[in-house]
Amino acid sequence: MKVPADLKYSKEHEWVKVDGNRAIVGITDFAQESLGDIVFVELPSVGDTVEVDDTFGVVESVKTASDLYVPVSGEVVEVNNEVIDSPELVNQDPYGKGWMMVVEMSDPSQLDNLMSAEEYKAMVEEGN
Amino acid sequence: MSELKRTPLYDEHLAAGAKMVEFGGWLMPVQYEGILKEHETVRSAAGLFDVSHMGEIQITGPGARELIQSIITNDVNRLTPGAALYTPMCHPTGGTVDDLLVYQLEENQYLLVVNAANIEKDYNWVKVYANEGVEVKNVSDVTCQLALQGPRAIKILQKLTSVDLNEIKHFHFVYGLVEGINCLISRTGYTGEDGFELYFPAEHARLLWRAILAAGQGEGIKPVGLGARDTLRFEACLALYGHELTDSVSPVMAGLGWTVKFNKGDFVGREALLQQKETGPSHKLVGLEMIDRGIPRQGYTISKDGQEVGWITSGTFAPSIGKNLGLGYVAAQWVAVGTELDIMVRGKALKAKIVPKPFYKREG
């Protein structure tokens with residue numbers, strides 16, 4: 001299980017990469033591995049406003065559908081159309097080509113509620 | 001909560017890197033290296049499945065045939081020793097208790113192969129109808145079942161047995177030694193491919209599992225989990241109990257009318273099924289292909305012009321076809337191929353159309 005040290009993590013297995021006032025969001029290596037072969041991704045539209053803990057999309061594996069949860073509130077300024085056409089990118093490269101959206105944060109202090117790589121690793125290992 | 005049962009191959013699965021999940025009271029491998037790859041392996045080479053969670057009920061005695069005839073919808077008189085039959089077993093209401101295979105082992109000896117989750121239900125059901133002179137025995141715990149499926153299954157299995165596998169016709173079986181172990185070798189399966197199912201004493205499970213995988217080295221064999229078993233059977237439009245068939249769904253409604261033989265005499269459910277056949281079932285099982293982006297899943301509502309007209313029983317991305325497909329029940333007036341319907345996916349109406357079944361049929 002890869003857990004890059006420079007990212008922040010949510011309980012719902014999203015990762016966040018902070019770039020100034022923007023947050024790039026995806027799902028973790030653990031999440032993609034647990035889901036298995038991902039065959040469908042649904043993402044919000046550019047311009048949508050997303051609120052923390054709401055759902056912003058869906059990933060579906062062969063077996064099941066899982067909601068994606070917003071880790072930080074704001075406006076969606078970019079979505080990764082490539083993963084819509086090639087959902088397997090999420091399995092192949094969850095922290096790279098498998099990214100999902102970029103949010104212009106409305107309240108960057110929400111980042112404090114996310115976990116560090118160490119904390120996330122500990123949570124997963126405890127099986128929570 | 002009762003503990004989940006494990007097959008004799010549990011440790012082999014873990015060693016092969018399987019992800020284990022609960023299925024019908026059993027802890028079973030859902031996948032090893034990934035459902036899509038395993039699916040493809042079965043379509044193009046061969047896959048080995050541990051299906052020893054399935055139940056086996058032996059029925060023996062002079063009244064065995066009569067008993068089976070009275071509780072299944074298909075005609076057991078079509079069987080001779082060495083042949084197998086697919087059949088539903090129904091409630092008096094026409095709903096399905098289970099779908100199963102009936103093997104005629106000898107003149108007065110039969111084997112019913114039933115779904116894992118229904119073993120107790122079926123065993124008790126059969127016993128209720130058993131008269132004196134018939135012995136009904138649940139042999140599930142001492143029987144192992146492996147399925148070897150795919151175009152290279154025959155070539156691989158032939159390396160381990162002197163039985164001429166080409167001589168076994170579809171839905172027939174022979175007894176023979178495979179790697180020195182006495183097996184019932186059956187030309188049946190649940191993937192839409194050619195293949196074999198082996199039944200043998202559970203204590204030999206590990207030996208045979210390893211021998212088949214070794215024999216298939218170089219032929220592209222892989223162990224395959226229940227995840228791909230489901231996508232394979234789904235593409236072939238083979239019913240899965242709990243999805244297409246349930247206690248409240250009849251075989252007539254499920255498009256399995258060919259397994260209901262009204263002219264064989266009385267059997268449990270006959271009256272209800274006959275009435276359904278004459279008036280036509282309210283809903284029919286159809287194949288659906290998504291037009292909009294989305295995947296239909298079990299339980300999703302199907303609607304037409306805003307009115308609810310049915311429900312999805314199974315659905316997924318179909319790996320061999322590359323489309324998002326579903327099976328579902330639709331009110332009888334809307335079942336023509338080409339009809340456009342809406343599937344309610346997370347509150348949104350997504351367009352789909354009815355397409356012919358099965359989705360996948362192997363060539364030749």
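Me: How many salt bridges are there over all chains, and what makes a pair count as one?

Reply: The count comes to 21 salt bridges over all chains. A salt bridge is a side-chain nitrogen of Lys or Arg within 4 Å of a carboxyl oxygen of Asp or Glu. Some ground rules apply: this is a predicted model, local features need pLDDT of at least 70, side-chain atom pairs count only at pLDDT 80 or more, and totals for chains, interfaces and linings use all residues. Residues are numbered from 1 along each chain as its sequence is written, chains are lettered from A and ligands numbered from 1 in the order in which they are written, and side-chain values use heavy atoms, with hydrogens and water left out.

Me: Why is the pair of B:Arg346 and A:Glu42 called a salt bridge?

Reply: The N to O distance is 3.7 Å. The rule asks for within 4 Å, so the pair of B:Arg346 and A:Glu42 qualifies. Side chains of opposite charge can pair when their charged atoms come close.

Me: Where do the two partners, B:Arg346 and A:Glu42, sit?

Reply: The pair crosses between chains. B:Arg346 is in the loop between strand S19 (340–345) and strand S20 (348–355) of chain B. A:Glu42 is in strand S4 (residues 38–42) of chain A. Strands here are DSSP runs of E, at least two residues, and helices are runs of H or I, at least four; both are numbered from the N terminus.

Me: How many salt bridges join chain B and chain A, and how many residues of each chain are in the contact?

Reply: Five salt bridges are counted between chain B and chain A. Contact means heavy atoms within 4.5 Å. By that rule chain B gives 18 residues and chain A gives 17 residues.

Me: What area is buried between chain B and chain A?

Reply: About 1400 Å², with 49% from carbon and sulfur atoms. Buried area is the accessible area (1.4 Å probe) that two parts lose on being put together, summed over both. In chain B, B:Arg293, B:Arg297 and B:Arg346 lose the most area to chain A, together 41% of what that side buries.

Me: What makes A:Asp53 stand out?

Reply: Phi of A:Asp53 is near 75°, a positive value in a residue other than glycine. Most residues other than glycine have a negative phi. A:Asp53 lies in the loop between strand S5 (49–50) and strand S6 (55–61) of chain A.
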